[in-house]
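Subject: Structure handover

Hello,

Please find the structure below. My notes on it follow.

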Amino acid sequence: MKFQTSKLNALKDHWPLLVSIIIFLAIVSTLLFLSLEKNDGHVVYALDDPYIHMAMAKNFAEHGVWGVTKYGFSSSSSSPLYTLLLSVIYFIFGVNETAPLIKHHFCYNFAYNSLFNLKAL
């Protein structure tokens, strides 16, 4: 009985976080659905930077080469840590055009949750 009460209290304390994450998920899901519908089922990024990061991450994960092609080194990334993290994701789960979007989503929720918990202190 005490365990259920503590769960309810935790839910009462964190309801703004849960509501904001649900709203965020609904907005992102709607926009993703509309984007996929307009682009024949492909995720399309508005800028060229994601494609540069994705190409470098793919080549690093698959060929061990830090560059936009598998044939040689070229430090074209403006965010090497981001590219490295993306290459780890590609290495574990395989190359996928939605991986950056999913990674951003998880990082957003983690950061938002961390800030919410800091505020509660």
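Buried here means under 20% relative accessible area, exposed means over 50%, and partly exposed is the range in between, with a 1.4 Å probe and only protein chains considered. This is a predicted model, so to speak of local features requires pLDDT of at least 70 and side-chain atom pairs count only at pLDDT 80 or more, while totals for chains, interfaces and linings use all residues. Residues are numbered from 1 along each chain as its sequence is written, and side-chain values use heavy atoms, leaving out hydrogens and water.

Overall make-up. The chain has five helices and zero strands, in the order α-α-α-α-α from the N terminus. Helices (H or I, at least four residues) and strands (E, at least two) are DSSP runs, numbered from the N terminus. Of the 121 residues in the chain, 23% are buried. Taking contacts (heavy atoms within 4.5 Å) between residues at least 6 apart in sequence, 47% join residues at least 24 apart.

Core. A nonpolar core is a set of buried Ala, Val, Leu, Ile, Met, Phe, Trp, Tyr and Cys residues joined through side-chain atoms within 4.5 Å. The largest one has ten residues: V43, Y45, M54, A57, A61, Y82, L86, I89, Y90 and A99. Two or more of its residues come from each of α3 (49-63) and α4 (80-93), and α4 gives the most, with four. Setting aside residues up to four places away in sequence, A99 touches L86, I89 and Y90.

T83. Helix α4 also holds T83, which counts as buried because its relative accessibility is 0%. Beyond its neighbours within four places in sequence, T83 is in contact with H53, M56, A57, W66 and S77.

Aromatic pairs. Rings of Phe, Tyr and Trp (its six-membered ring) pair if their centres lie within 6.5 Å; planes under 30 degrees apart count as stacked, over 60 as edge-to-face and the rest as tilted. The count by this rule is three aromatic pairs. One of them joins Y45 and Y51, whose ring centres are 5.7 Å apart with planes at 75°, so this pair is edge-to-face. Y45 counts as buried because its relative accessibility is 16%, whereas Y51, at 37%, counts as partly exposed.

Regards
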